Each structure stands twice: as C-alpha cells, then as structure tokens.
Amino acid sequence: MNDGPQPPFREQRTQTRLRDKHASNERGPSRKRSPTFYRNARLLAVFTSLAVASTNFYTLSNHVVITKQNTHADSSSSSSRSWSKRKIANVASRAAPLQEKDNVFLRTGKAPTKRKTITHRRKHNRLIRGTHLTLAEMNGWPPIQEIITKDGNKIAAHEDISWLLDFAIIGFPKTGTTSMLRHLSEITHMPPSESCSLTDNTSGIVKLVKDMYSDQNKRLEAIDKNGHVFDDSTLRGLKCPQDLSSEVSMHNYAKYFPNTKLIVGVRHPVRWFESLYNFRVSNVPWKKMLHTSKLTRGCTYGSQGVCAHRANFADYLSQLGKTPMDTSDERNLLSMGLSPVKSPVGKVFLYDVSQLSESEEDGAIIQSTQFRRDLQDFLGLNVDIPPFPRIDTSRRFDFLEPVKKQTEQDRIDICDADHDRIRQVLMDKARIASRWMKDYFLKSADVVVSNREHFLEILDGWNEDPCNVVVSKL
C-alpha cells in the first residue's frame, strides 16, 4: 500500500484512463463490436435497472413507516417532503406481498429448484387411496423404501430380495444369449437389453432393484391402459453375458439371489474366439483390432476384450461352486486361481450354442425341440418356448459401403495359417474345458443339460480342431 499522499479524485481517474489507454495500445487495435452486441448490452442494462427498481420498491415498506409521532416530529419540515413520504408509504403498503420464490431469489440470488412433477397416476393414488405407493407396490410388492437404506446406497439389513429374480442368462458372450433373451422375453418379464448392474460392487444391486421396480410399473401401466388382467406369476429374468466372468457378480448372486436359476451357454473356444473377434471388427469399426498373435494371453490395451484368456471356460464355471475342488487333479486343470462362491447359488442349465440350431442337418430340429422342452421344464414355464432362429448382432454398419468394405477386409477366418498360433492356444483350453466339464461339472446334481448323451458328444468334439489342423496334444 502506498504511504504517500493520494492524488485528487479527478487526477486519479485521469491517470487510470491514460493507463488503460496505454495498455490497450500495447495489446493492439481493439476488436470492433457488432451492433447486436451494443443492443444486447443496452437491454441488459435496462433489465438490470428494472430489477433493482422493483426490489427497492418491494423492500421500501420495511424502511419507510409513517406514524403519528413521526408526523408531529416532522411538522417543521417542508410540506412537500412530508407529502412525498406519506405517498410512498401508502403505495408501498398497497403493494402485493412477495411470493416464496421471490423471497428465495432475493435471499440467495438463485431461482428456486423445481419440484419433481407428480404423474397423474400418483395424484390419483393420493386423492383416492390416500397413498404414495407406486403401481408395483399397490399390486403386492413391498415399498422400495423398506428395501433400500435411507442413503440409497445399500440393501437394508436382513431384507430378502431373492423373489425379484427367477432366472438369469449369465454367459458366455457369443453363445446365443441374444437369441435366448429375445425369445424368453416374449413369455417372461425381462429387460429388452442387457442388464449388468451386478458387476458393480458399489451400488449395482440397488440399481438393479430400482430397475426391476421401474420395469414392473411400466408393465402395469401398459396393462392398465389396455384393460387387461395382469398375471404376477410370470417369471422375471435378465441377461448379462459378463456376469460369469465377474467375481463381483458371482458374489452378488450368492448373497442376494441364491435361488435364481442360471442359464450358461458355451461354444468351442476356437469358434467362440473367431465370432467374438469378428463381432468387434464389425460393431466397432473405428478401432483397429490387434493381430491374433498378440491376443494369446490376457486382454491388453487395444484388445477390446478379445483374448485367449477369456476362453478359460472351466475356470469361470468353477466360481459357481458346483464341484468339490478337493483333488489336485481338478485343481491342476484350473489355471486362473479363481475362488468359488462362499455360499451356494442356484441351479445351472448348461447348453452348447449348436443346440439352438433349427437346421435339418443331423437331426438338428429334433435336438432343438428337445432342448426347448428341457429348458421349459428347467424354468418351470407353463407355455412352450418358440424355436430359436439365428440372430446376427454384428454388421451394424453394413449400410455404409466404405465401412462395410473395411470390415470385410479386417474380419478373420481363424482356419487361415496366419492364425495357427492363437488356434493352438485355444485348442489347449478347449481340451481342458471339455475334460473338466465331463469329469467334474456335469456330475453335480445342480447342473442340468438337455439330452445328456448328445451334450457329451459335443464336448468330445472339443478335443479336435474344427479346422482339422494338427495341433500338439497336452
């Protein structure tokens, strides 16, 4: 701070202007403002003045109060000034009182937050039934506030939510899970797309509960509009092919849904890898896929989740805790060191993607019909499951000709000699998975397959390279 004498106000203002002018000259010529800028500036000044004037007018009654004592005390003042004060006080006393939102604005300078709109259905509930319950809660579901804690991050202690989920399609990707979803959703209650909230260790289970309540409300509203009778005995399920590869999901199933029936699809690891690789090429064309020789181990940066590591089907299935795991022979077949769930999970329906085929080759239609009946019995459905036509979820951008040409060039035929290395690694994993499933997994009473003899034949085929290439044996 300067201790010397301060210059007069006029000199100080002059010095400030000179300094600003000098600084602007150093910056160069100023930018020319458009007429619109000056017009908006004038409008802003006018609106600001009006706002200040209105605020002063509203608050004037708090500062100007004319009483009889003040009138006698001010008798010596000029009559014009006394008349002005009385006039202002009369006008201020007749001014409309401030609304709550105006008071909020004057106190905080912010507009009041808008309350959530209440739907017509909830207004009806409040007026007629005197309740705040949703449609799902009015139809027998417990209030969601009793299930979720007040902070909204956890499930309340000792609260049973296992009734929310009857079955789940939990793996593996590229094994016909989308076909399973689309067909079962026609005869059960399932979200129209993947629901993978259980892979989240923080608030995933809470999100799933909210999603299930929201889905139930939507179904009830649709039925209410159409005048149909709602059947609450319909099974509820979801699809998330990543669940079986997630330790968090397995823990959530064991803790919250121990009775939920689990559907798991498998596929020959060589064909599985080829399908997943080409799926990424077609559906994510803006990212370049790594060569297969760089995907023989874990999923590194740039792999887009495609690697041989994910073909360890035996390791992921071992998390379900359906095998004893008490012999070194079984443990030696597992290489990832995954731990089984600490408490039991529901029964498992295991299938191979080839069992969904409706082709006329090798009696596939008969096998598929038997498969659908067995799945219907496993789930306890009262209606028949329709046939499973093939659904191709790739080639989303084929309508763009340049993208289509590029993806056709990047897609692989895993039987080419250029992919011998990855195919050999996958064949090793195929033999291990085949042996573990036959010797251990299928011996569990909780694991169900359709046409056991036919399924064992499929697993025997995993010992052979589908490309008929000689591969070194284990």
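In what order do the strands of the open sheet stand? I began my notes on this predicted model with that point. I find an open sheet of 5 strands in the order β2-β1-β3-β4-β5, and the pairing is parallel. I note β2 and β5 (447-449) as the edge strands, since each pairs on one side only. From one strand to the next I read an average twist of 25 degrees.

**Entry: strand β1**

I looked next at β1, which covers residues 167-171. I checked burial: 5 of the 5 residues of β1 are buried, so the strand is largely enclosed by the rest of the structure.

I then followed its pairing to either partner. With β2 (residues 237-239), β1 pairs in the parallel sense over 3 bridges. With β3 (residues 261-266), β1 also pairs in the parallel sense, over 4 bridges. I looked up F167 for both partners. Its bridge partner in β2 is G237, and its bridge partner in β3 is K261. I also wrote down A168, which stands opposite L262 in β3.

As background for reading such strands, I keep in mind that side chains in a regular strand alternate between the two faces of the sheet.

**Entry: strand β3**

How many of the residues of β3 are buried? I count 5 of the 6, so β3 is largely enclosed by the rest of the structure. Besides its bridges to β1, β3 is joined to β4 by 5 bridges, and these two strands run parallel.

Which strands does helix α9 lie across? I find α9 (residues 177-184) across β1, β2, β3 and β4 (348-352). I read its direction as about 165 degrees to β1.

**Entry: I385**

I went to I385 and placed it in the loop between α15 (364-379) and α16 (401-410). Is I385 buried or exposed? I read a relative accessible area of 3% for I385; the cut-off for buried is under 20%, and I385 is therefore buried.

I looked up what it touches. Leaving out residues up to four places away in sequence, I list L184, I187, R372, L375 and Q376 as touching I385.

**Entry: helices α17 and α18**

Helix α17 (residues 420-439) packs with helix α18 (residues 452-461) at an angle of about 155 degrees, and I read their axes as 8 Å apart. Angles over 145 degrees count as roughly antiparallel, and α17 and α18 are therefore roughly antiparallel to each other. I noted the crossing of α17 past α18 as left-handed.

Which residues make the contact? On α17 I list S434, M437 and K438, and on α18 I list L456, L459 and D460. I sorted the residues of this contact into 3 nonpolar, 1 polar and 2 charged.

How values were computed
Residues are numbered from 1 along each chain as its sequence is written. This is a predicted model: local features need pLDDT of at least 70, side-chain atom pairs count only at pLDDT 80 or more; totals for chains, interfaces and linings use all residues. Side-chain values use heavy atoms; hydrogens and water are left out. Axes are lines fitted to C-alpha atoms, for helices over the stretch in contact, and angles run from 0 to 180 degrees between N-to-C directions. Angles under 35 degrees count as roughly parallel, over 145 as roughly antiparallel, 65 to 115 as roughly perpendicular and the rest as oblique. A crossing is left-handed if the near helix is turned anticlockwise from the far one by less than a right angle, and right-handed if clockwise. Contact means heavy atoms within 4.5 Å. Ala, Val, Leu, Ile, Met, Phe, Trp, Tyr, Cys and Pro count as nonpolar, Asp, Glu, Lys and Arg as charged, and the others, Gly among them, as polar. Buried means under 20% relative accessible area, exposed over 50%, partly exposed in between (1.4 Å probe, protein chains only). Two strands pair if DSSP finds at least two bridges between them.
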